[in-house]
Amino acid sequence: MPPFVAFAGVLGGLAVVRWAYKTAVRINQELEEMRLSRVAETARMGDIQTLKRDPVTGAYRPG
């Protein structure tokens, strides 16, 4: 009986690890999609400011 209990425990542990892995992958995909949509929306609206280099000082300024 004890080997059966150990085997059932191992199977249960593997099921939990598989579930946690799938959940983590799904959440990361959703976060990546949201990040990409925000970047695309910002680019579409033209809100991304570019920096131009001042030839005299060499400093970068919004331009």
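F7 sits in helix α1, which covers residues 2-45. Keep in mind that we're looking at a predicted model. F7 is exposed, since its relative accessible area is 53% and anything over 50% gets that label.

How many salt bridges does the structure hold? The count is three. One of them joins the side chains of R26 and E30, with an N to O distance of 3.2 Å. These two residues are four apart in helix α1, so about one helical turn separates them. R26 is partly exposed at 43% relative accessible area, and E30 is partly exposed too, at 39%.

Another salt bridge pairs R35 with E32, and here the closest N and O atoms are 2.7 Å apart. R35 and E32 are three residues apart in helix α1, which again puts about one helical turn between them. Both partners are partly exposed: R35 has a relative accessible area of 40%, while E32 has 35%.

## The R61 and D54 pair

Now for R61, which forms a salt bridge with D54. The closest N and O atoms of this pair lie 3.6 Å apart, and the cut-off for calling it a salt bridge is within 4 Å.

Is D54 buried or exposed, or something in between? At 21% relative accessibility, D54 counts as partly exposed, because buried means under 20%. R61 is partly exposed as well, with a value of 43%.

Terms used
Residues are numbered from 1 along each chain as its sequence is written. This is a predicted model: local features need pLDDT of at least 70, side-chain atom pairs count only at pLDDT 80 or more; totals for chains, interfaces and linings use all residues. Side-chain values use heavy atoms; hydrogens and water are left out. Buried means under 20% relative accessible area, exposed over 50%, partly exposed in between (1.4 Å probe, protein chains only).
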